[in-house]
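Dear colleague,

Please find the structure below for your review.

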Amino acid sequence: MKMLLFIVAVAITVAAVALFIRGAFTLYRRISAGVPSPERLGPVGPRLGAMFAEILSHRRFTARPLVRIAHWVVMVSFVLLVPTLAIAYVQVLDPSAELPLVGGWVVWQWLLELFSVGGLIAIVTLFVVRLRHPSDPDDAASARDWRSRFFGSTRWQGYFVEAVIAAVLVCVLVMHTLRSAALARYPETAADGSWLHYPLTFWAGQLFWNSAPAVLEAGISTAAALKIIVSMVWLGVVGSAATMSVAWHRFLGVVNVYARRELDGRPALGAAAPMLVDGRPFDIRDIDDLDEDATFGIGSIDEFGWKGLLDFASCTECGRCQDLCPAWNTGKPLSPKLLTLSLRDQAAGGAHTADVFAALRSSGAQSADGATATLVPTVINPDVLWSCTTCGACTDQCPVDIEHVDHVINLRRHEVMVKSDFPEEFGSLYGNLDTKGNPWGLPPRQRVDWAKGLEFDVPVLGVDVESAAEVDYVLWVGCSGAYDEKGKKTTRAFAELLHLAGVSFAVLGEAETCCGDSARRTGNEATYQGLAVQNIETMAEFGVTKVVASCAHCLNTVGREYAQLGADYTVEHHTQVLNRLIREGRLTPVAPPEDERVSITYHDPCYLGRHNDETAAPRELLAAVNAAPVVEMEHHAKQSMCCGAGGGRMWAEESLGSRINAARMDEAVATGAATVATACPFCSIMLGDAASSRDDAPVVTDVAHLVLAGVKRGLNNPNPTAKEA
Amino acid sequence: MKILTCVKYVPDAGDEVGFESDFTLGRTGPSSKLSELDEYAVEQALRLRATIDGATVTVLSVGPAEAEVALRKALQMGADEAVLVSDEAIAGSDVFGTAAVLIAAAGYLDEVGLVMCGMSSTDAGIGALPALLAEALGWPLLSNAAEVSVEAGQARIVRSDEFGTRVVEAALPAVVSVTDQSGEPRYPSFKDVLAAKKKSVTTIGLAELGVEAALVGAGAARVQVTAVVRNPERAAGRVIVDVDGSSVDDIVEFLAAATK
């Protein structure tokens, strides 16, 4: 019988390995067909370091600590059990066989036992997590299904992968149990079969002490054969389905993490990836050298770099991205997961699994199945592409480092720069940016109107001061800060605070233009670079090096993206500067008397929190001016929810689903706070709009106003005993 | 067949507009550009081109050398060629002088089968030019079109105004002016911008057109501007607060005063 089992095991192994190699080769061919991206291969040392650090720590598994631990245990048990699969072939024939070298070693045996039992508990946990988020992709109308992060994930594949792991682990534990019984029952081998060697299975093994040795041996042989057969069924199935990324992520995810965009462990957020033309970053200053047939952005699947194709092939369908996506959660057809899966399946020829197809269809993302060369509008519905606010929640959440935001921007670049096909509202946005240098099309001479009526002068570079070296900071006002009524008030409040703290600053005045964020994130790289180059030249003229901005988008664009065009500034957010001024004692905010204090909640601007890692400074400021920590909304800090204005959505109608700002205001209202503080003019506008349409809404204001009020309280009442804070 | 599209280089409506001592427009303003209303004419010309076999779009402007900016924009949008008539003698021309130059240019260019115009310029806002061109060319005028199509040598427009919606047809050649309801002008893709860099703007003077300098310019202008007066600043509006219908009398009183 042993021989029969062995033959079956070997036969199925040969078939499965052949299928797997074929699948792996298919994937290799498919992914390596992508545009060369040599920068993603090296430097090998730091990349390997980053890869191991990320995978071993599971640090990209943010939130959901239970899933993080369970997945980590399953991952380690998978790696540990690979050698035991090899020895299983011998064990079918000789049940007493052990792994060479480590086989009877106590440390190895403890590890195996711990991770086998732990892995079994963990995989059952993950299985239960999946079952608790049921999803029927044919039923998008059902809030329960639609809200599930597994909505649109291929259900049988998830259950299959988890069941295989559970089955293999059960086989391992059965083998250990019977082996310990076989050894422990005889005095001469009892020491080798003791609890010291089988710390967890020894106790169960006692049940079999009375079984005949032949029965134990047959049991071990059978379990070993089953372990092989189950493993090989998995290998064969996975090999036959190259788009079964929930299984392939074990291998591809590792490579994807190795090839991640940022080597410092940050997600692919902050600066958008440069637009590549023939493999080189596009630079508007070299426009005359452009090839006549140059193409911009990504219009078909074969224009992705191989890292992009690897992204799609590595998706585990875990749906963390979908779970936090502001567009998806307000009923728009965009799900970052389904977008990724659409592209994954497109790279494989266009066919979807039943669940993915049903989810795409029922969410309105796609109406027909089938492969075509152009991505938008056939594979990717324009409503999907243009619903993205580039908030970065998806990319921040992704445990395998998929770069959703960069992909969206690259797809948009093709739509705008090659096809000139985009939501109508962006036409006037681009026109205004191109001719007036601001989104509203207002005259540049009104850029310093915000400073009218202040009790001190705001010097303008090139007019009142010659060089930025004469002042501590250049205040980057931004278009909202210069033209929008709310924004102007915030700029005034911040300028007053700088003045009170004795910090000198100057502005660029009429010479400042829009930073270009909205142009860039809607795919208009040409307009973005036109504005950026103009600003960079202006700032070079005055020797600007230190900048402070009160807009999170300006902070990101001027601070992180202008560097791609050769600029080098230190750009800080106003909340960061204010926080430091308070710490240095140059500003002393005083909390209101206890009976006047109200609770404050804080809305994290995406481009401050997720894109620029600053979630602490505004909270510290608010705690200082209110003598109490902020009341947090359901989604906050890195898991915050967008106001709806990012990615150029500020300028477009929101006609699909419900409104993102209203959904965010629901969360703010639920905290019971009387004030929603934020730190970005776009957020102030969006949340202000949401607040104005309901009676129970808190007051929406920028952190700077609250700090200024606190500082003025201190100035009006210099008695230190009033400082309860 | 050429679709000749007349466009004007105008100061940006949002900017402070300056005037010379003779009340002609100051050309040193911060940003002058292709008149927004003429962008609609370019857009419709481009859309018609796609429906007519062998049609090309030529944009034509009369103005200073800087007017090339406006023509460049039209080329980026997709026009095939651009002609600028620029001559010091033209400076100060009124609408009749401008029309005379445009008519001569239309004759100078071959195979013009259709002339397209915006409904009016955004600076002077006279809106008489399409009619003057049609009159002088002896062609039918289809004015203020919200929709335009050409089929089998026949132009057809839909005009919507306070009198209703009318469909008007005429045989080509014809002059068509379009309104800002005719369809949003396209934003040129970057591919188009690059392609436009290879196109050139042909600049010609009065001599090439055979127009006598004495017929154009400030001296020949039949319209004389005698003064330029700034509009009064807009006063704040009056807010009438309604409490259970109390506003009715106030509104009636306001309307009565306004219509006196």
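Chain A is divided by the domain assignment, which is automatic or from a database, into domain 1 (63-240), domain 2 (435-581) and domain 3 (588-722). This is a predicted model, in which local features need pLDDT of at least 70 and side-chain atom pairs count only at pLDDT 80 or more, while totals for chains, interfaces and linings use all residues. Residues are numbered from 1 along each chain as its sequence is written, and chains are lettered from A and ligands numbered from 1 in the order in which they are written.

The centres of domain 2 and domain 3 of chain A, taken over C-alpha atoms, are 22 Å apart. To their contact (C-beta atoms, placed from the backbone, within 7 Å), domain 2 of chain A gives 28 residues and domain 3 of chain A gives 28 residues. On the domain 2 side, α21(A) supplies the largest share, eight residues.

Strand β5 (residues 546-549) of chain A joins β6(A) through four bridges in the parallel sense, and A:Val547 is opposite A:Val571 of β6(A).

Conventions
Pairing = 2+ DSSP bridges. Helix = DSSP H or I, 4+ residues; strand = E, 2+ residues; numbered from the N terminus. Contact = placed C-beta atoms within 7 Å.
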